[in-house]
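Here is a walk through this model, taken one piece at a time.

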Amino acid sequence: MRRSRIADYAQRHDAALRHLWPLGERIVSRLAASRARAANGFVKRPPLIGIGLLALSLLTACTTDSPGLSKPSSERLPSESAPPSPPIQTASRTPEPSASASSEPYTQEATLLAVGDIMVHMPQLPAYYNKAGDRYDLRPWFSQVRPILQTGDWVVGNLETPIAGKDLKYTGYPRFNAPDELAAAIRYSGIELVSTANNHTLDRGVPGVTRTLAAVRKAGLIPFGSSASATDQRRLVIEERNGIRMGFLSYTYGTNGIPIPSGRAYAVNLIDPDTIKKDIAKLRQADADVVTVSLHFGVEYQRMPNQEQTKLVKELIRSGADIILGSHPHVVQPYDMIEISAAESRDGKARTGIVIYSLGNFISNQTGSWKDVGLIFGVRMTKTTHPNGVSEIQWNEITTEPTWVHIIEKQKKRHYTVIPLRSELKQRSFAELTAQDYAKMKTMLKGLDQHLQRLQAS
Ligand SMILES: [Zn+2]
């Protein structure tokens with residue numbers, strides 16, 4: 001069942017690429033320009049391995065049997081019964097195959113998948129409470145997206161609630177507190193990294209931050225964006241997959257007016273361009289091949305990014321960020337490719353960054369006006385290492401799998417399932433969906449596919 005779903009995802013991927021074709025055509029000319037730039041003296045001092053050239057080769061890589069997608073991920077991810085592997089957060093390098101031993105360049109591939117806001121409003125809980133065990137089991141929320149998320153090498157989500165313990169009572173808006181079982185359910189879904197910098201980080205104060213970090217780590221998740229101490233804040237989150245080292249950073253515009261206590265600035269990372277630039281530089285110094293920055297920004301319920309967002313994103317990509325994952329508006333905003341010329345780039349090298357301005361809600365009780373639609377955003381990349389040790393990253397594909405939070409009431413309790421729209425419309429395998437649901441899903445998918453490209457048309 002799972003394998004067939006993964007194989008099918010690869011096919012859907014192909015469909016997604018056809019959908020991206022107009023973007024692809026634009027990219028052909030960019031790619032030619034990038035190659036010309038590379039020929040014109042892209043030089044990097046060996047043996048330092050880092051990002052050099054970000055070329056786009058969307059059209060050259062769109063096969064359905066690409067290893068990054070068709071490979072079942074069960075080899076990498078812990079199974080349901082096995083305990084999750086401990087998080088790896090290290091700046092030290094794992095030795096790679098010796099570049100000098102090979103006279104040919106070699107390539108490695110990996111895929112980033114990202115989802116948006118993971119929220120817990122109180123109506124989401126009762127159906128999942130087991131009185132006998134006095135526990136929740138929230139895993140059913142993610143049963144339908146799990147086969148897709150498990151195909152990612154890095155899988156990221158925005159945890160928009162503290163997990164501050166039962167004693168403080170579970171609460172929804174405006175000051176959230178979700179049960180520990182949420183962390184286990186997130187890990188079960190295939191998500192491995194959680195951005196924890198957002199306007200709800202401090203809903204339960206600094207103790208809530210510390211408690212949340214402990215809970216997510218216990219579940220095998222890797223948090224980034226909030227910290228339990230100044231030392232904790234200095235840790236570099238770099239995760240290597242298939243020989244590609246990706247660094248993760250996260251920042252929020254604010255904390256809903258809850259002041260950060262003096263001396264506790266480490267608790268949550270706030271958006272400050274100078275700080276972010278320094279943090280990007282630190283990841284580069286630690287040999288990150290790719291730097292991914294989560295930004296909790298924008299205006300709630302606005303479907304297009306504002307000038308503040310576009311300006312900040314451009315500035316950060318100029319300064320070395322490669323991928324920007326936006327969240328906070330609770331609706332999906334489009335993605336874009338940002339080209340930076342050598343003259344604009346802080347390190348003098350032309351580069352292309354990828355931004356998704358808002359990933360929308362992944363799970364929540366919010367409905368209507370696109371609030372129940374989210375996105376699994378994918379970036380597949382290749383690292384090419386040359387015999388002299390110089391390496392470069394190429395973007396191969398961008399993939400989009402819109403999701404919908406299906407809510408059904410049974411015995412006065414609400415049941416929630418995140419539905420991957422493209423996939424489910426093809427398979428029609430989820431028994432709870434009606435013909436009416438499928439019709440609605442079709443309209444949502446069409447609308448979101450168009451919406452996602454709105455910045456490409458300009
Ligand atoms: Zn938010």
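## Ground rules and overall picture

Two strands count as a pair here if DSSP finds at least two bridges between them. That cut-off matters for strands E2 and E14 (residues 361–363), which are joined by two bridges and run parallel. Bear in mind that this is a predicted model.

The chain has 458 residues, and 49% of them count as buried. You'll find eleven helices and 17 strands in the chain. Among contacts with a separation of 6 or more, 77% come from residues 24 or more positions apart.

## Strand E2 and its partners

Strand E2 covers residues 106–118, and ten of its 13 residues are buried. Strand E5 is another, pairing with E2 in the parallel sense over five bridges.

Leucine 113 has glycine 378 as its bridge partner in E15, isoleucine 118 stands opposite leucine 159 in E5, and aspartate 117 has asparagine 361 as its bridge partner in E14.

## The open sheet

Now look for the six strands that form an open sheet with mixed pairing, in the order E8-E9-E10-E11-E13-E12. Strand E8 (238–241) and strand E12 (332–340) are at the edges; each has a single partner strand, so one side of each is left without a neighbour in the sheet. From one strand to the next, the twist averages 20°.

Helix H9 (residues 307–318) packs on this sheet and touches E10, E11, E12 and strand E13 (351–359). The direction of H9 makes about 40° with that of E12.

## Strand E10, covered on both faces

Strand E10 is mostly covered: seven of its seven residues are buried. Which residues of E10 point which way? Val290, Thr292, Ser294 and His296 point one way, while Val291, Val293 and Leu295 point the other way, and all are buried.

E10 (residues 290–296) runs parallel to strand E11 (residues 323–327), with five bridges between them. Histidine 296 stands opposite serine 327 in E11. E10 also runs parallel to strand E9 (residues 244–252), and seven bridges join them. There, tyrosine 251 has leucine 295 in E10 as its bridge partner.

The links between these strands go over helices. E9, H8 and E10 make a right-handed β-α-β unit, and E10, H9 and E11 make a right-handed β-α-β unit too.

## Helix H9, one side in and one side out

How long is H9 from end to end? Its end C-alpha atoms are 16 Å apart, which agrees with the 16 Å that twelve residues should span at 1.5 Å a residue.

The buried residues of H9 are Gln309, Leu312, Val313, Leu316 and Ile317. They cover an arc of only 130° around the axis, which puts them on the same side of H9.

On the face turned away from the buried side, H9 carries the exposed residues Gln307 and Lys311. Just after the helix, glycine 320 takes a positive phi of about 115°.

Phenylalanine 176 is in the loop between strand E5 (154–159) and helix H5 (181–189). Is phenylalanine 176 buried or exposed? It counts as buried because it has 22 C-beta neighbours inside 10 Å, and the cut-off for buried is 20 or more. Leaving out residues up to four places away in sequence, phenylalanine 176 touches Val120, Thr161, Pro162, Thr171, His200 and Asp203. The C-alpha atoms of phenylalanine 176 and arginine 204 are separated by 7.6 Å, though the two are 28 residues apart along the chain.

Alanine 342 is in the loop between E12 and E13. With 13 other C-beta atoms within 10 Å, alanine 342 is partly exposed. Again leaving out residues up to four places away in sequence, alanine 342 touches Gly348, Lys349 and Ala350. Alanine 342 and arginine 318 are 24 residues apart in sequence and 9.3 Å apart in space, C-alpha to C-alpha.

Technical notes
Residues numbered from 1 in each chain as written. Predicted model: local features only at pLDDT ≥ 70, side-chain atom pairs only at ≥ 80, totals over all residues. Helix = DSSP H or I, 4+ residues; strand = E, 2+ residues; numbered from the N terminus. Buried ≥ 20, exposed ≤ 12 C-beta atoms within 10 Å, placed from the backbone. Contact = placed C-beta atoms within 7 Å. Axes fitted to C-alpha atoms, helices over the stretch in contact; angles between N-to-C directions. Expected span 1.5 Å × (residues − 1). Arc of directions from axis to C-beta. Right-handed = clockwise from strand over helix to strand, strands pointing away.
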